[in-house]
Amino acid sequence: MQRLLFTPLKALLGSPCPRLLVPRVAPRTQCGCSCGIRRPLRPGQYSTISNVALQPGRGTVSLPSKAAERAVGRWLLVCSGTVAGAVILGGVTRLTESGLSMVDWHLIKEMKPPTSQEEWEAEFQKYQQFPEFKILNHDMTLAEFKFIWYMEYSHRMWGRLVGLAYILPAAYFWKKGWLTRGLKGRVLALCGLVCFQGLLGWYMVKSGLEEKPDSHDIPRVSQYRLAAHLGSALVLYCASLWTSLSLLLPQHKLPETCQLLRLRRFAHGTAGLVFLTALSGAFVAGLDAGLVYNSFPKMGESWIPEDLFSFSPLLRNVFENPTMVQFDHRVLGITSVTAITVLYLLSRRIPLPRRTTIAATTLLALAYTQVGLGISTLLTYVPTPLAAAHQSGSLALLSAALWLMNELRRVPK
């Protein structure tokens, strides 16, 4: 009988089938004159046969919390994937020096690319008025300009796709009532961060279009603004991925021991270190610091180069000296892989669920893969494919760190 009733529901609503809240039938008593009489139900005593709650007195059917959480979790997982794509595409745009090819910013108008020869000529003439063409690309042809223009155009259009992927489903879920009170605040923050990310991207590009009469260096965007742009994208990615994993993966009821508490804290610190290492890569990219010392493990002929503190005041070296920026990125990378190795060894000393063990092993494997990509990129003078793979590896490493943190999170009482 149940098979006849619920098979159509599965076909309509998907799998797993939503459940109805139906009063649980009380068991029959086994003795005396009360045999065959069912015991009365206690208030709130129900048996979950399906997750669809039929509201009394109404013919409407509302999606319950568990099914709604799964839907929202899958949506945010897709959103985090789109953000990862934007970060990777932005890295390739930076590596191909395409980011300053579009000298205007219009939310709607620029969505239509040039189609005629006259429109392309007009776009190229606008680009010729800015420092990158005058200093670096003064002999560029129109065909070469089209390539870098389409690279930047793809990045901007992908950013708009990310915005739509967040805002439109968020409005739909909000209207349907599928967001809890806590999720509403988080979703609003994510949508706000997406909009802020777009404005920050244009603010970054503007820094590379400004005339600098006192400087004869290659025109580039401010490394501070680039780091802010990448950092906000990483925050958006981490927040979306963390929320989706929290909604989709069931929590483990781990015994709260001192060892587990230590492991959990160490995992949080390691994830923060991985984030900081990825963020330092923005300063490396912004200053082209990967082209300064292309040797490993030493930097040139020494472990600590002589020009490490050549800028004054001293603090400027950390953010503006290419040698110091590369040195810091190396130190952070080595520290991160060391911390991940220690984290893995600590996890082996505690009995953990299989899924958690897989997360720790994945994190370790990705860490050493990332180190290999970084060293190869450095030694081969930063080719675009390897550098893009290295940047993608940082996202994969950050994802594995968040996954392990999520596996170890505390079960609320």
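1. F124 is buried, at 7% relative accessibility. Buried means under 20% relative accessible area, exposed over 50%, and partly exposed in between (1.4 Å probe, protein chains only). F133 is buried too, at 13%.

2. The model is predicted: local features need pLDDT of at least 70, side-chain atom pairs count only at pLDDT 80 or more, and totals for chains, interfaces and linings use all residues. Residues are numbered from 1 along each chain as its sequence is written, and side-chain values use heavy atoms, with hydrogens and water left out.

3. A search of the whole structure gives 17 aromatic pairs. F124 and F133 make an edge-to-face pair, because their ring centres are 5.9 Å apart and their planes stand at 90°. W149 and Y153 are stacked, with centres 5.1 Å apart and planes at 15°. Pairing takes Phe, Tyr and Trp rings (for Trp, the six-membered ring) with centres within 6.5 Å; planes under 30 degrees apart are stacked, over 60 edge-to-face, the rest tilted.

4. W149 and Y153 are both buried. They lie 4 residues apart in helix 5 (residues 142-176), so about one helical turn separates them. Helices are DSSP runs (H or I, at least four residues), numbered from the N terminus.

5. One aromatic cluster takes in W120, F124, Y127, F133, F145, W149, Y150 and Y153.

6. The charged end of R225 sits over the ring of Y203, 3.7 Å from its centre. The criterion is NZ of Lys or CZ of Arg within 6 Å of the ring centre and within 35 degrees of the ring normal.

7. F319 belongs to helix 9 (residues 316-320). F319 is partly exposed, at 32% relative accessible area.

Definitions and conventions:
Helices (H or I, at least four residues) and strands (E, at least two) are DSSP runs, numbered from the N terminus.
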